[in-house]
Every structure is written in structure tokens, then in C-alpha cells.
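Colleague: Before we discuss this model, could you take me through the terms you use for it and set each value against its definition?

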Amino acid sequence: MIRTFLTIGRRLAAALLVALAAALPAGAASAQELRLDITKGVSEPMPIAITTFLGGTPQEQTVARQISSVITANLERSGLFQPLDPARFIQTPEQLASAPPRFADWRLIGAQALVAGGVQAQPDGRLRVQFRLFDVVYGKQLTGLAYFTQAEGWRRVAHIISDAIYKRLTGEEGYFDTRVVYIAESGPANQRVKRLAIMDQDGENNRFLTDGRVLVLTPRFSPTAQEITYLSYFNNKPRVYLFNIDTGRQELLGDFPGMTFAPRFSPDGNQVIMSLAQSGNTDIYTLDLRTRRQTRLTDHPGIDTAPSYSPDGKQIVFESDRGGTQQLYTMNADGSNVKRITFGQGRYATPVWSPRGDLIAFTRLNGGRFYIGVIRPDGTGERLLTEAFHVEGPTWAPNGRVLMYFKEKPVGAGARQRQSRLFTIDLTGVNERQMVTATDASDPAWSPLIP
């Protein structure tokens, strides 16, 4: 057996990860092995049988069912997998626990992959959660892992297992063990309360980080997923702040003479890039978080804002009206070599570079309609993924395959109110899903995988 250690979270005990039966060395794939190719888009999701995990005691059985449910929901929501109805299963979970899968039975119901597992309480109070993933087409086990965690960590383990299945069947990293920070909105249009909120990527474990007494906007995660930078109107003065998720500590970011906004971390987490408006002009600056040194990157009479780094930190994309209309531009990280990359009809805004580096997501306004789209960094290959009355603020999942954004629509008498909700969509543009939030929601930011 191969033994290594996995940290389940800062507030949870370290969990032991045990490889039970890996069919191949990590990262390898045989010539005859089930693999879902997502590089060219997927028209039909893979049929996958996810059995109810087993448990001995009532507590174990409850957690086992919950873990199976979360894994099923994660994979189905991705649009790449179609979980089969358990009522069609011929072989029971109990039979799978005591004997090898009868692959012919699983092929008979159309399954291409099979997931089985169990939960067992340990003498020290922890839970042992194990799963096995089988290739039904070729009749073999692909991987098997076990995790030890405190009882309250079961949901996170379900996300980690979902990521392991996703990666083994697609060859790419998953995105389920992540969080989303966003702006929770409530109240009438003329007295809107906006609070920082955070939740798991599936909408669970929602909590508010600020109390709503001060307006907050545009939260963004650091690469460590433990800090957030955002805009706050404290004393009606817009300033960029840092917020530590673990401690709740808030810190003013720099003593700039004008209004600072649109903050975002550099890929290494050592700098925050933002816009500074002073003397009637808006330019892009960076602030080194170690030295507090400020560096001006643009110097133009146009409005330069919404900067976002490429994942290697060598380039920046931003929006500007320096050409007469609101368009997207790229430049080197030192502010040199500015190039315009959008030339389509309408206005372009809120660019954000994909974690993969291959695409830039944006908001486009044209003819009274809003669109979310993607474009290559050189300005080619523009594709519009979704449109609405008002849709804005894209943010990438850490694997660069899914976008989240917010969508508004008029509601109420005379349509004076606006309902705002979070949505996700994959790069095919066909798998749009609404997120469930306790209140109206806007300005989402997706975290990296939780360390």
C-alpha cells in the first residue's frame, strides 16, 4: 500500500490517505481504459453508477448516505456525468462489499463507471471513508482510496472523493473541494444591504463575513484561499481591504490619496493589483503586500480598470476606454506592450484570465443585452456562452472548465425591483445551472482548491 497524508482543513485533524488499489501509477493511462475526453466538449454525459455507501451503525449509515448524495450531485452538476437511477442496479452495495463487481450486470444497465464505498467509525472518534472507482467497460478497478477525518469533515471528504473521480475519468483536476465568496444582497432597491458571504461551491455551509452596515463589493480570493481582497465603503470612502477568513481580521490596503477599487491578487499572492482614481483619472497600480510599495502600471487619460493577471504572472488583462469605447487590453506585468484584443460590437468589461492561461472570460454589452463570453489572449476565438437582461462578473473554477457569474432580472410591480442569482456554465455553453443562495447574490469569486 502507498501511504501519504492529506490535510482536511485548518480546523480539522489531518486525514490519512491510503491508496487501496491503484490500477495504474499516478497520471498514467493504459491503451484500453475508460477516459472522458473533455478537450473537445462533451455532447453526452458519461453514465456512472454511484452506489449508496455502506455503514454499520445508524450514524455510519447516515453519513454514508450523505456522502453518496454529495458525490452524485457534484458529478451530475458538472454536466460530464449522468448518475444512473439506483433502482436499476442489479448488484447491491452489500454484494459489492463482499465480492468483485459483476461487470456484465453493470454494463446491462448502461453504466460505464461504477463507484462504491463505505464509512466506518474509529475508536478515536474519527471516520474512515473509503471508495473504489471501477471501469465497467474494461472490467477493472481504476483507483481506491480511504480518508480519515473528524465527523464534521464528512462533506469535505465527499468533495475530495468527487475530485478524485473527476480527475481519474477526465485526466484533469476537479473543482469540487472549493469555496465561493460573493456579495449577499437583501432589502429594497433604494436601501440595498450588501454583505460579504462565503459558501462551499455547491451552496452549502453558507455564512456571512460582514454585518451589512458597510457596503462591500468585488471580493476576490488569494491563491492560498485564506484571504479575500474587496472594496468597502467605510465612512462613505471607497477603499480596498484585506479580510482573513480564519481570523476575521480586516485590514485597509494601502494609504492611497484617491478612490481605490477593482482589486485582485497576483498569482503568487504577494501583490494586489487595483485601480486608483484621482484628479479625474483612473489608472492601474500594484501594491506589494510585503514592502507596501506602490507601482503605477498605466498612465493614460482613459479609464483603465478591472485588471487580472495571467496565471504565470507575466501579463495582465484590463478594460479601458482609451480607444473611445470600453474594450479589453493586455499588457506585460510591468505595464509595457499594451495591446487591444477586442474589436467586436458593443462594450467589453470585467475580464478575468483562466487558471489554465488559454482563455479570458468577459462581460459584453451590446444592443441592450448582456453576454458572458471567452476569448483567447491574442484576441482570437471569441465565443459567447450565455446572455440575459443583465449578466455580469464571471469567475473561473480552478480547473478552468467552468464559469460562475451573476444574473439579474426585473421582478415585482412595474419591475422596479431586481432579483440577482448566481449561475454556473461550462465552456460548451450548454450546461447552465443556478446556484442556491439564501439571499440575492452577486459578484462571485471562486477559490482555488482548498489546501
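Modeller: Let me begin with pairing, since two strands pair if DSSP finds at least two bridges between them, and strands themselves are DSSP runs of E with at least two residues, just as helices are runs of H or I with at least four, numbered from the N terminus. The model is predicted, with local features needing pLDDT of at least 70 and side-chain atom pairs counting only at pLDDT 80 or more, while totals for chains, interfaces and linings use all residues. Residues are numbered from 1 along each chain as its sequence is written, and side-chain values use heavy atoms, with hydrogens and water left out.

Colleague: What makes β16 and β17 a pair?

Modeller: β16 and strand β17 (residues 271-278) are joined in the antiparallel sense over 5 bridges, and the definition asks for at least two. Within this pair, phenylalanine 261 stands opposite serine 275 in β17.

Colleague: Why are β16 and β19 said to stand at the edges?

Modeller: The open sheet has 4 strands in the order β16-β17-β18-β19, with antiparallel pairing. β16 (259-265) and β19 (294-296) each have a single partner strand, so one side of each is left without a neighbour in the sheet.

Colleague: Why is β22 described as largely enclosed?

Modeller: Buried means under 20% relative accessible area, with exposed over 50% and partly exposed in between (1.4 Å probe, protein chains only). In strand β22 (residues 327-332), 5 of the 6 residues are buried, so β22 is largely enclosed by the rest of the structure.

Colleague: Why are α1 and α4 called oblique to each other?

Modeller: Axes are lines fitted to C-alpha atoms, for helices over the stretch in contact, and angles run from 0 to 180 degrees between N-to-C directions. Angles under 35 degrees count as roughly parallel, over 145 as roughly antiparallel, 65 to 115 as roughly perpendicular and the rest as oblique. The axes of helix α1 (residues 58-77) and helix α4 (residues 154-170) come within 9 Å and cross at roughly 45°; α1 and α4 are therefore oblique.
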